[in-house]
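Have the structure open as you read.

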Amino acid sequence: MAGAFPRHETSLEALRTRGRYRQLMPRDGHDFASNDYLGLAGSDVLRAAAADALARGVPVGAGGSRLLRGNDAEHQLLEAEAAAFFGTEAALFMGGGFNANQAIFSSLPQQGDLVLYDALIHASTHDGMRLGRAETRSFAHSDVNNAREVLQDWRKNGGRGQVWIAVEAVYSMDGDLAPLDELMVLADAEGAVLVVDEAHSTGVFGDLGRGLAHGIAHRPNVLSLHTCGKALGASGALICGQRVLIETLINKARGFIFATAPSPLNAALVRAALQELQQNPDRRHQAWRGITHAQAEAGRLCGLEGFQSQILPVVIGDDKRTMALAAAMQGHGYDIRGIRPPTVPRGTSRLRLSITLNTPETVITTMFETLAQEMEAAQCPA
């Protein structure tokens, strides 16, 4: 009997044939796949914070949107503390980074404006732009000169609105850093707003883990996004910037207005994570010892170099070969995942190695030894 959805079945079969079929996998083996960079997700710090919050009567669920009865004291305390920590006028707690980016780019850029975005910007930004009314143009990855050219071309062709420059501080699949200083110069020169997604830099980069944009976050033409489900070990996201922009989101962002508020308990956990960053800076220093060790071992054992962060991409190219190598490493007890298009550009399928405090340096070394053997056996380029 034919299935009820033959077109969907055909589409899925095509993904299997091309090596792009996705399926859920349990977490198993040594962690080289998560974004739990500071090892907070399963830590005693957040366990104790959860127990304390529950003992204080903090609700597990919000029970409604923030504009109805879902606005809890924990939400407001978190937003005040986050604004102070990240150095901005105000902050807004959202359910997740994807929802936050959708809210930003669907609500803040107006008709007649331009969103000028890095070619490797996250999918959530693309979805937000599709929902918004502004024009959109991309520029070559981290190429400030090209960004300037695209912006000036838009102006020459009649563009008169506000320009919003969208970048990631640390790019999630390449692990490289945005040239924020040069982008800030461009934003100032052109009267643009710089929107920095700090998802993979929060907790890892900057003074006390405040992110790569901390030195400019206070400026009126900067808006930053800090996700809470990566280095902070919980979930949700904090949009930080000028109060007028935060109030606009409260009044205009459909993903905020019509969504049940994030769990007040989770807000309490994010507060505890921010306190941990301030009270225990050695946690971040320890994470960087592991990161620098991994970068050195990648070069020594696999000939892989040029890494700038805790994200170490091993570009294989072919989809099927990438997934076969990931499966081989999983078989050795290392939780390493293959990343394929459309998450990354066609022809750049890769292993995305993530270095966290969950994995000791001795295991990092043995993983790279095994990876070198498997890459040689599979005749993968170093």
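How many cavities of 30 Å³ or more does a search of the whole structure find? The search turns up 2. Keep in mind that this is a predicted model.

The largest cavity holds about 40 Å³ of space. Its lining includes Asn101, Phe105, Ile121, Thr125 and Asp197. H4, strand E5 (163-168) and strand E6 (193-197) each give two or more residues to this lining, and E6 gives the most, with 3 residues. By class, you get 7 nonpolar, 2 polar and 1 charged.

The second largest cavity also comes out at about 40 Å³. Around this one sit Leu38, Leu208, Gly209, Leu277, Asn280, Pro281, Arg283 and Arg284, which split into 4 nonpolar, 2 polar and 2 charged.

On to the second largest pocket, with a volume of about 220 Å³. Helix H4 (97-107) and helix H8 (243-252) each supply at least two residues of its lining. Among the lining residues are Ser106, Ser107, Gln110, Arg133 and Lys252; the class count is 2 nonpolar, 6 polar and 2 charged.

Nonpolar side chains tend to be buried together in soluble globular proteins. Here, the largest nonpolar core has 55 residues, and Leu238, Leu353, Met367, Phe368 and Leu371 have the most contacts inside it. Helix H10 (residues 264-279) provides the largest share of this core, 7 residues. There's also a second, separate core of 26 residues, including Leu92, Val115, Val193 and Leu249.

Leucine 238 is worth a click: leaving aside neighbours within four places in sequence, its contacts include Leu78, Phe86, Leu92, His226 and Val270.

Notes
Residues numbered from 1 in each chain as written. Predicted model: local features only at pLDDT ≥ 70, side-chain atom pairs only at ≥ 80, totals over all residues. Heavy atoms only, no water. 1 Å grid on protein atoms, 1.4 Å probe; cavity = no way out; pocket = protein on both sides within 12 Å on 5 of 7 lines; lining within 4 Å. Points joined across faces, edges and corners; volume = space filled by probe spheres on them. Helix = DSSP H or I, 4+ residues; strand = E, 2+ residues; numbered from the N terminus. Nonpolar A, V, L, I, M, F, W, Y, C, P; charged D, E, K, R; others polar. Core = buried A, V, L, I, M, F, W, Y, C linked by side-chain atoms within 4.5 Å. Buried < 20%, exposed > 50% of the residue type's maximum accessible area, 1.4 Å probe, protein only. Contact = heavy atoms within 4.5 Å.
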